[in-house]
Amino acid sequence: MSPEHHATSLVRSASEYILDNFEAIDRIAMLVLNRDFGETIQRITSAEKAASPGFQAWLRYKNARGSDIYIGMNPLRQDAATRTKEELKCIRHLYLDLDQGGPQALKSIEQSSAIPQPNYVLTSSPGKFQIVWKVEGMTLEEAEGLLRAMAHAFGGDPAATDATRVLRLPAFANKKYETDFYVQARRESTETYGLHDFQLHVDSQDSPRFNFRNRSRPESPRHSTLSQSERDWAFAKRALTRGDAPEEVIRRIADYRGDEKHPNYARYTVEKAQLTATRRGQGRGQ
């Protein structure tokens, strides 16, 4: 790569970040999530409108009143009404969510010869990072295979390996802590990458061609005391909290469990998780 591709600079605004990652006419999902009140608002709009002064003012208003602000990293079809895999227009980004061992994991990524220089490094909270690569020419299957392979190789969050994932939007406060932490984004590269730029062993259990149930089944901790049903419920709660559509969460659990459980098991698990979240939100609102 030429030197300008490694020039590092801080992103000055959320609008700049949006318009650098999407075409103005792209349809994207913006997620506004208030955990204290159990409020989830999803807006599907053009990148141009999402970056506009009026829309940004609304996001700042919601953020100031306790809502976290997220953006879907892959564009949706023009007629999309939800943020599901079926509604994706194309794959525009790959990403990693480094919640555990963030600084060391980030160093490993920066020193790795198996993956290219990230386009963006977001500091989402102290010691935690979200890494973003711009890509083109990838299928959904190829992208998710790489997401799983990178999470496995670099210690990323295995729950953040879905092409419909939302990430934090720079310049807005992370409201999960007592003290607001404003998300920063550092631009590392201006390249757009292809499948050949990621030299990971995706032909193993993380292969896009591997059976979904085998490649998505998480490795159980050696000393875990949780049952698989408890892990399914925990997964559903995490997915719903970050704003994933309930029907999409149901589908993922059903695919993962195959014929091990009753056909209504996945739906019951998600409904139970929704009920728990609603009760928690009502309790906090009293």
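Strands and helices here are DSSP runs numbered from the N terminus, with at least two residues (E) for a strand and at least four (H or I) for a helix. This is a predicted model, in which local features need pLDDT of at least 70 and side-chain atom pairs count only at pLDDT 80 or more, while totals for chains, interfaces and linings use all residues. Residues are numbered from 1 along each chain as its sequence is written, and side-chain values use heavy atoms, with hydrogens and water left out.

Two strands are said to pair if DSSP finds at least two bridges between them.

These strands belong to an open sheet of 4 strands in the order β3-β2-β4-β8, with antiparallel pairing. β3 (39-46) and β8 (166-168) each have a single partner strand, so these edge strands are left with one side that has no neighbour in the sheet. From one strand to the next, the twist averages 30 degrees. Helix α3 (residues 53-64) packs on the sheet, touching β2, β3 and β4, and its direction makes about 165 degrees with that of β3. Angles run from 0 to 180 degrees between N-to-C directions, using axes fitted to C-alpha atoms (for helices, over the stretch in contact). Contact means heavy atoms within 4.5 Å.

How enclosed is β4? It is largely enclosed by the rest of the structure, because 5 of the 5 residues of β4 are buried. Buried means under 20% relative accessible area, exposed over 50%, and partly exposed in between (1.4 Å probe, protein chains only). Asp 68, Tyr 70 and Gly 72 point one way from β4, whereas Ile 69 and Ile 71 point the other way.

Helix α4 (residues 102-111) has Gly 102, Ala 105, Leu 106 and Ile 109 as its buried residues. They lie on the same side of α4 because they cover an arc of only 100 degrees around the axis, taken from the directions from the helix axis to the C-beta atoms. On the other side, Pro 103, Gln 104 and Gln 111 are exposed. The buried residues of α4 pack against β5 (93-98), β6 (120-125), β7 (128-134) and α5 (140-154).

**Aromatic pairs**

The structure holds 4 aromatic pairs. Rings of Phe, Tyr and Trp (its six-membered ring) pair if their centres lie within 6.5 Å; planes under 30 degrees apart count as stacked, over 60 as edge-to-face and the rest as tilted. Two of the pairs are set out below.

| Pair | Centre to centre | Angle between planes | Type |
|---|---|---|---|
| Tyr 17 and Tyr 120 | 4.9 Å | 70 degrees | edge-to-face |
| Trp 133 and Phe 198 | 6.2 Å | 75 degrees | edge-to-face |

Tyr 17 in helix α1 (residues 14-21) and Tyr 120 in strand β6 are 103 residues apart, and their pair links distant parts of the chain. Tyr 17 is buried at 1% relative accessibility, and Tyr 120 is buried at 0% relative accessible area.

Trp 133 lies in strand β7 and Phe 198 in the loop between β11 (184-187) and α6 (212-216), so their pair ties together parts that are 65 residues apart in sequence. Trp 133 is buried with a relative accessible area of 0%, and Phe 198 counts as buried at 5%. Ring pairs also bring in Tyr 193, linking Trp 133, Tyr 193 and Phe 198 into a cluster.
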